[in-house]
Amino acid sequence: MKLTELITDPRLAYHDELNPKLWVSSDEDLELDPQIHDRLMQIATEFVRSLKVPDSAIVDYVLTGSNANYNWTSFSDIDVHVIVNYTELGTCKLDLEDCILAKKTLWNDRHDITIRGHPVEMYASKSTDRLVQDSGCYSILRNDWIKRPTWRSIKIDSIVISKKADELAMEIDQIIDSKTNDQKTIEDIADRLWKYRQSGLSKGGEFSVENLTFKALRNNGYIDKIREYARRTYDKSLSLESIA
């Protein structure tokens, strides 16, 4: 599938309802399907155990992102943020944030958990962090909305998104096809993609050109493609295959 086709593909759709695989009506409101709520609680508990964070430091488990909004797709992750109060963690010779980030990355790399076809992605966020403001936020601990998503009329600039996605995809392909082992070149494109998306989220939210461009690349496998290439080349740079 060409990237230009992704812009009008259902994977970048906007719906009149939240994902019916996850949400059920209850007393004229929406809440998580009870089975899903219980399973997310279990997953979050196991994730916290892997972080070795005390219960006293846990503020909430929050579901946010596309699956708490109207722009969900069949490819959308279930994004769960474990909110941590760092002041409860005491002091440490190592940087606590880096330690927890490393453990979070290790968890997601080691596990392939899905719920009704949607991958579960775990995050560890500081209690002072601001989650995406125009997305819904649902407290798994309280089983209630923190912020309900608001349906609104969305106009997607498919021409601009298609052009930017094609340009970035071509750049990724050129790096991989050239078989470069220059870590700086590879890290630069990865950093630019991350900053590009974060800039879009902070300025224009979920439906910014930058975020939708990133999603088009991700849905077509390009984000995983450059991440895997970065991992392979980095591991190769540290390997020793023969003795001189």
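1. Salt-bridge network. Glu228, Arg231 and Asp235 are linked in a network of salt bridges. A salt bridge here is a side-chain nitrogen of Lys or Arg within 4 Å of a carboxyl oxygen of Asp or Glu. The whole structure holds nine salt bridges.

2. Basis of the note. This is a predicted model, in which local features need pLDDT of at least 70, side-chain atom pairs count only at pLDDT 80 or more, and totals for chains, interfaces and linings use all residues. Residues are numbered from 1 along each chain as its sequence is written, and side-chain values use heavy atoms, with hydrogens and water left out.

3. Overall make-up. The chain has seven helices and eight strands. These are DSSP runs numbered from the N terminus: helices are H or I with at least four residues, strands are E with at least two. Of the 244 residues, 41% are buried. Buried means under 20% relative accessible area, exposed means over 50%, and partly exposed lies in between (1.4 Å probe, protein chains only). The accessible surface comes to about 14,400 Å², and carbon and sulfur atoms account for 50% of it. Those areas come from the Shrake-Rupley method with a 1.4 Å probe; for residues, only the protein chains shown count as cover.

4. Contacts along the chain. A contact means heavy atoms within 4.5 Å. Take the contacts between residues at least 6 apart in sequence: 71% of them join residues at least 24 apart.

5. The largest core. A nonpolar core is a set of buried Ala, Val, Leu, Ile, Met, Phe, Trp, Tyr and Cys residues joined through side-chain atoms within 4.5 Å. The largest one has 32 residues, and Trp23, Leu32, Leu40, Val53 and Met122 have the most contacts inside it. Two or more residues come from each of α2 (34-51), β3 (58-64), β4 (78-84), α3 (96-110) and β6 (118-126). Helix α2 gives the largest share, seven residues. Another core of 14 residues lies apart from it, with Ile176, Ile189, Leu193 and Tyr229 among its members.

6. Trp23 and its rings. Four aromatic pairs are found in the structure. Rings of Phe, Tyr and Trp (its six-membered ring) pair if their centres lie within 6.5 Å; planes under 30 degrees apart count as stacked, over 60 as edge-to-face and the rest as tilted. Trp23 and Tyr138 pair edge-to-face, with 5.1 Å centre to centre and 80° between the planes. Trp23 sits in strand β1 (residues 23-26) and Tyr138 in strand β7 (residues 137-139), 115 residues apart. Both residues are buried. Trp23 and Trp145 are stacked, at 4.8 Å centre to centre and 15° between the planes. Trp145 is in strand β8 (residues 144-147), so this pair ties together parts 122 residues apart in sequence. Trp145 is buried, at 8% relative accessible area. Trp23, Tyr138 and Trp145 form one aromatic cluster.

7. Asn67. The Asn67 side chain makes a polar contact with the side chain of Asn19 at 3.0 Å. A polar contact is a pair of N or O atoms within 3.5 Å; within protein, one must be able to donate a hydrogen and the other to accept it, and residues adjacent in sequence count only if both atoms are side-chain atoms.

8. Asp29 pairs with Arg148, their closest N and O atoms being 2.6 Å apart. Asp29 is in strand β2 (residues 29-32), while Arg148 is in the loop between β8 and α4 (158-177), 119 residues away. Asp29 is partly exposed at 28% relative accessibility, and Arg148 is partly exposed at 45%.

9. Salt bridges within helices. Arg49 and Glu46 form one, with the closest N and O atoms 3.2 Å apart. They are three residues apart in helix α2, so about one helical turn separates them. Lys184 and Asp188 form another, at 3.0 Å between the closest N and O atoms. These two are four residues apart in helix α5 (residues 183-204), again about one helical turn.

10. Positive phi. Most residues other than glycine have a negative phi. Lys52, in the loop between α2 and β3, has a positive phi near 60°. Lys52 is exposed, at 69% relative accessibility. Arg116 also has a positive phi, of about 50°. Arg116 lies in the loop between β5 (114-115) and β6 and is partly exposed at 38%.
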